[in-house]
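Here's a quick briefing to read with the structure open beside you.

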Amino acid sequence: MFTGIIEELGEILAWEKNGDAGRVTVRGPLAVSDASTGDSISVSGVCLTVVEQGPDWFTADVMGQTLAMSAPAQWAEGVTVNLERAASVGDRLGGHIVQGHIDGTAELLEVRDEGTWRVLRFALAAAHAPLVVDKGSIAVDGISLTVSAAGDDWFEVSLIPETLERTTLGRRTVGELVNIETDILARHVARLARFDGRIPA
């Protein structure tokens, strides 16, 4: 589990495609500072498991389902990514509960500078729209954000200078895809609603 509070910007050092899966090596000195094989690290919102590591890098396997659901441009040498280590029991929950199990991608439709902050508008797929609510939580490329506005097929987030500087969102341009993870509570409620609120005995 993660909180969506990005700890550092990392870099994809190597990407090896293997059929419908792949293996990625990421530079992240802080992320590996106390990591062990088998630990989870969020890479731009995708929960990956450390299989190898060095003094400032780690390697993880990326399965086909993850590749199909995540932004393709993320998996390339030289790409900057958001990194977060798994939360420890007893930590402050500065963001919201983020699993690292993304729902898919969203296209950046518009960027507006509003004085000291910036508003980003993203497209919202029909399957995700019921799970995104104004003033609710959403993870974009692993970053815990508050939805500042939402329509039937779009949502917006408002970013303070700190977020723009410390994460990849400050360099995103219109047309790019980001990974999104909707609120786990919304997903559970939606699932229950499909069964008319019936809970198995």
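Is Lys135 buried or exposed? At 58% relative accessibility, Lys135 counts as exposed (exposed is over 50% relative accessible area, buried is under 20%, and partly exposed is in between, with a 1.4 Å probe and protein chains only). Keep in mind that this is a predicted model, where local features need pLDDT of at least 70 and side-chain atom pairs count only at pLDDT 80 or more, while totals for chains, interfaces and linings use all residues. Residues are numbered from 1 along each chain as its sequence is written, and side-chain values use heavy atoms, with hydrogens and water left out.

- Residues 1–96 are 6% helix and 44% strand, and their end C-alpha atoms lie 10 Å apart (helices, H or I with at least four residues, and strands, E with at least two, are DSSP runs numbered from the N terminus).
- Residues 97–193 come out at 16% helix and 43% strand, with 21 Å between the end C-alpha atoms.

**Salt bridges**

- Side chains of opposite charge can pair when their charged atoms come close.
- The whole structure has 15 salt bridges (a side-chain nitrogen of Lys or Arg within 4 Å of a carboxyl oxygen of Asp or Glu).
- Glu52 pairs with Arg23, with the closest N and O atoms 3.3 Å apart.
- Glu52 sits in strand E4 (residues 46–53) and Arg23 in strand E2 (residues 21–27), so this bridge ties together parts that are 29 residues apart in sequence.
- Both ends are partly exposed: Glu52 has 38% relative accessibility, and Arg23 has a relative accessible area of 29%.
- Arg112 meets Glu156 in another salt bridge, the closest N and O atoms being 2.9 Å apart.
- That pair links distant parts of the chain, with Arg112 in strand E7 and Glu156 in strand E11, 44 residues apart.
- Arg112 is partly exposed at 24%, whereas Glu156 is buried at 6% relative accessibility.
- Salt bridges link Glu110, Arg112, Glu114, Arg121 and Glu156 into a network.
- Back at Lys135, its side chain bridges to Asp134 at 3.1 Å, N to O, and Asp134 counts as partly exposed at 39% relative accessibility.

**Aromatic rings**

- There are two aromatic pairs (rings of Phe, Tyr and Trp, taking the six-membered ring of Trp, with centres within 6.5 Å; planes under 30 degrees apart are stacked, over 60 edge-to-face, and the rest tilted).
- Phe122 and Phe155 have ring centres 5.3 Å apart and planes at 25 degrees, so they count as stacked.
- Phe122 is in strand E8 (residues 117–123) and Phe155 in strand E11 (residues 154–159), so the pair ties together parts that are 33 residues apart in sequence.
- Phe122 and Phe155 are both buried.
- Arg121 has its charged end over the ring of Trp154, 3.7 Å from the ring centre (the rule is NZ of Lys or CZ of Arg within 6 Å of the ring centre and within 35 degrees of the ring normal).

**Surface patch**

- Met1, Leu93 and Ile97 make a nonpolar surface patch of about 280 Å² (patch residues have over 30% relative accessible area and no salt bridge; like charges are joined within 9 Å, and nonpolar side chains, namely Val, Leu, Ile, Met, Phe, Trp and Tyr, within 5 Å; areas come from the Shrake-Rupley method with a 1.4 Å probe, and for residues only the protein chains shown count as cover).
- Ile97 lies in the loop between strand E6 (80–85) and strand E7 (104–114), and is partly exposed at 38% relative accessibility.
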